[in-house]
Amino acid sequence: MDNLIYFDHAATTPTDPAVVEAMQRWFTTDFGNPATLYNLGLTANQAMETSRAEIAGLLGAEPDEIYFTSGGTESDNWAIKGVADAHEKKGRHLITSTIEHHAVLDTMEYLEKKGFEVTRVRVDSGGLVDPDDVRKAIRPDTILISIMHANNEVGTIEPISAIGEIAREAGVIFHTDAVQTVGKLPVNVDDLNVDILSLSGHKFYGPKGVGATYLRKRVRVTPLMHGGGQERRRRAGTQNVPGIVGLAKALQLATDRMAEEAVREQAMRDRLWQGLQESIPDIWLNGHPTERLANSLNFRVEGIEGEAMILCLDMNLIGVSSGSACTTGSLEPSHVLLAMGIPAELAHGSLRLTLGRDNTDIDIAYFLDVFPPVVKRLRDMSPVYNK
Ligand SMILES: Cc1ncc(COP(=O)(O)O)c(C=O)c1O
């Protein structure tokens, strides 16, 4: 889809050609299993360990604190189920927020069915968790706090470092889902005071189906996958060597470009929002005005449905997401927007645009040309918009 204007980089990103290039030989000529003892395997193992050390270095961690996984969902599941299983003798209470990704929320629900108790701290209208609410939720039997670094729908950046400090003082393990921030914000595990962190390659121009868990030394978690003794017996399964090499390369490239790219994307995003506010009445920002990822814009348009806007934009070769998640055929308004106090009908009329490396000023100008007439047409047909 060469001519698509892509504004959905929080969903996934195209793999950087330099990443594909770095991965290539590990599929073909150097395809060895890193667990084997002859040269082909040792070479693969070396590439994997070099990648592990590079990723650790970029996160301020030690190489043996990095475990390769199949991505953000697995890393989140492992952190939560792994801590629950290893620490249930101490207690069966976990704390999270109302706006986590389903990889966290559904895992918490699963544990509730197994008899664990979960406290979900609320967010304010900008999507921010108050660290004090986390402090108040801690009990003697609390074993894990899991709060995301930045939200995938509205881009709000949470006060992770402060929450981590509270967790440490209370002696509670702290996990953060950093899937939306690694590669976009500086992420240093010590500065953030985290014990466990999830990341995923395809969100920062790396391959899909590969990610990593940072697990601080001496933090006990039960493995999710049992089998061969890979990943120091903590995550069984032959490692995805090409993916891991790609993950390290992608993180290196994203880190190199991070500061410059954030300024460029934020300038484009702010111009876009300014232009939309000037040309469309009755639209409002969702998410925090300042504590927000530089590439993220989520807004609600009164009187029309997100899905109608998405389809009209798709016809104009523009790819965006809405504030609804289509689950089992019924359109549920986004739990994130509802948790921020946005009424269901406005949550339904929300759009998420997440900018990336491939976007230019031309894309912004095109969107500003195409979108206002789309809104006007849909509002003219709308039974609920009569202004
Ligand atoms: C915040 C967050 N956590 C977890 C995930 C899941 O990651 P993956 O697609 O690698 O399983 C995503 C991806 O949508 C995400 O945005």
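1. The protein chain is assigned two domains, domain 1 (5-11 + 258-381) and domain 2 (17-253), with bounds that come from an automatic or database domain assignment. The model is a predicted one, in which local features need pLDDT of at least 70, side-chain atom pairs count only at pLDDT 80 or more, and totals for chains, interfaces and linings use all residues. Residues are numbered from 1 along each chain as its sequence is written.

2. The C-alpha centres of domain 1 and domain 2 are 28 Å apart. Their contact takes 20 residues from domain 1 and 19 residues from domain 2, where two residues are in contact if their C-beta atoms, placed from the backbone, lie within 7 Å. On the side of domain 1 that touches domain 2, α8, β10 (296-301) and α10 (335-339) each supply at least two residues; helices (H or I, at least four residues) and strands (E, at least two) are DSSP runs, numbered from the N terminus. The residues of this side divide into eight nonpolar, eight polar and four charged, with Ala, Val, Leu, Ile, Met, Phe, Trp, Tyr, Cys and Pro counted as nonpolar, Asp, Glu, Lys and Arg as charged, and the others, Gly among them, as polar.

3. Which residues touch the most other members of the largest nonpolar core? Of its 77 residues, they are Leu144, Ile145 and Tyr214; such a core is a set of buried Ala, Val, Leu, Ile, Met, Phe, Trp, Tyr and Cys residues joined through C-beta atoms within 7 Å. A residue is buried if 20 or more other C-beta atoms, placed from the backbone, lie within 10 Å of its own, exposed if 12 or fewer, and partly exposed in between. Helix α8 (residues 241-279) gives the largest share of this core, eight residues. Because domain 1 and domain 2 both give residues to this core, it lies between them. A second, separate core has 21 residues, including Ile5, Phe7, Leu313 and Phe367.

4. Not counting residues up to four places away in sequence, Ile145 touches Ile95, Val134, Ile163, Ala167, Val172 and Phe174. Ile163 and Ala167 are among the buried residues of helix α6 (residues 160-170), together with Ile160, Gly164 and Ile166. What covers them includes α5 (131-137), β5 (142-146) and β6 (173-177), and α6 is followed by Gly171, which has a positive phi near 70 degrees.

5. Around the ligand there are 13 residues, of which Gly71, Gly72, Thr73, Asn152 and Ser200 come nearest; a residue is near a molecule if its C-beta atom, placed from the backbone, lies within 6 Å of it. Helix α3 (residues 72-87) contributes the largest share of this shell, three residues, and by class the shell has three nonpolar, eight polar and two charged residues.

6. His9, in the loop between β1 (5-6) and α1 (17-27), is buried, with 25 other C-beta atoms within 10 Å. Not counting residues up to four places away in sequence, His9 touches Asn295, Thr354, Leu355 and Gly356.

7. Arg233, in helix α7 (residues 230-233), has a positive phi near 65 degrees and is exposed, with 10 other C-beta atoms within 10 Å. Asp282, in the loop between α8 and β9 (283-286), has a positive phi of about 55 degrees and counts as partly exposed, with 13 C-beta neighbours inside 10 Å.
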